[in-house]
Amino acid sequence: GALAGFYSVLGFLLVFRSQQAYSRWWEGGGLLQQMRGEWFNAFSSCIAFCNSSPDRAGEVEAFQHLLLRLTSMLYGAALSDVSEMTDDSMEFVNPAGIS
């Protein structure tokens, strides 16, 4: 009777909420991948449009290394912001190269 109806409604709500949470989890993962792709495209464009003059090769290489390290730290900071990890185990390109 009434107990069966209650269990039916409770079961429906539980399944509905679980499906909503699962959908949100996949959407978040997709957005993280999209963010990574957008930043990769921006980084690649900056590298591709660097000055190719041989006399500025040193400056261009220093800029590219700086850009790589900053992009790595940006992505790591974004991931650590949405992560629930308690330790600092994000890997970055060695920031010691920033002068």
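A: A pocket is found on a 1 Å grid over the protein atoms alone: it is an open set of points where a 1.4 Å probe fits, with protein on both sides within 12 Å along at least five of seven lines, and its lining residues have an atom within 4 Å of a point. Its volume is the space filled by probe spheres set on the points, which are joined across faces, edges and corners. The model is predicted, so local features need pLDDT of at least 70 and side-chain atom pairs pLDDT 80 or more, while totals for chains, interfaces and linings use all residues. Residues are numbered from 1 along each chain as its sequence is written, and side-chain values use heavy atoms, without hydrogens or water.

Start with the pocket itself. The volume of the largest pocket is about 260 Å³. Its lining consists of Arg36, Trp39, Phe40, Phe43, Leu68, Thr71, Ser72, Tyr75, Gly76, Met90 and Glu91. Sorted by class, 6 of the lining residues are nonpolar, 3 are polar and 2 are charged. Here Ala, Val, Leu, Ile, Met, Phe, Trp, Tyr, Cys and Pro count as nonpolar, Asp, Glu, Lys and Arg as charged, and the others, Gly among them, as polar.

Now ask where the lining comes from. Helix 1 and helix 2 each supply at least two residues of it. Helix 2 gives the largest share, 5 residues. Helices are DSSP runs of H or I with at least four residues, numbered from the N terminus.

Look at helix 2 next. Helix 2 covers residues 57-82, which is 26 residues. The expected span is 1.5 Å times one less than the number of residues. For helix 2 that gives 38 Å, and its end C-alpha atoms are 38 Å apart, so the two agree. Buried residues in helix 2 are Val60, Leu67, Arg69, Ser72, Gly76 and Ala78. Buried means under 20% relative accessible area, exposed over 50%, and partly exposed in between, with a 1.4 Å probe and protein chains only. These buried residues pack against helix 1, which runs 2-48.

Ser72 has a relative accessible area of 16%, so it is buried. Beyond its neighbours within four places in sequence, Ser72 is in contact with Phe92 and Val93. Contact means heavy atoms within 4.5 Å.

The C-alpha atoms of Trp39 and Ser72 are 9.8 Å apart, although 33 residues separate them along the chain. Trp39 counts as partly exposed because its relative accessibility is 26%. With neighbours within four places in sequence left aside, Trp39 is in contact with Leu74, Tyr75 and Ala78.

Rings come next. Rings of Phe, Tyr and Trp (its six-membered ring) pair if their centres lie within 6.5 Å; planes under 30 degrees apart are stacked, over 60 edge-to-face, and the rest tilted. The model has 5 aromatic pairs by this rule. In one of them, the rings of Trp25 and Trp26 have centres 5.1 Å apart and planes at 80 degrees, so the pair is edge-to-face. Tyr75 is partly exposed, because its relative accessible area is 23%.

Met35 in helix 1 also touches Tyr75, and Ala78 as well, not counting residues up to four places away in sequence. Met35 and Tyr75 are 40 residues apart in sequence, yet 8.8 Å apart in space, C-alpha to C-alpha.

One lining residue remains for a close look. Met90 lies in the segment after helix 2. Its relative accessibility is 24%, so Met90 counts as partly exposed. Leaving aside neighbours within four places in sequence, Met90 is in contact with Gly76, Leu79, Ser80, Ser83 and Met85.
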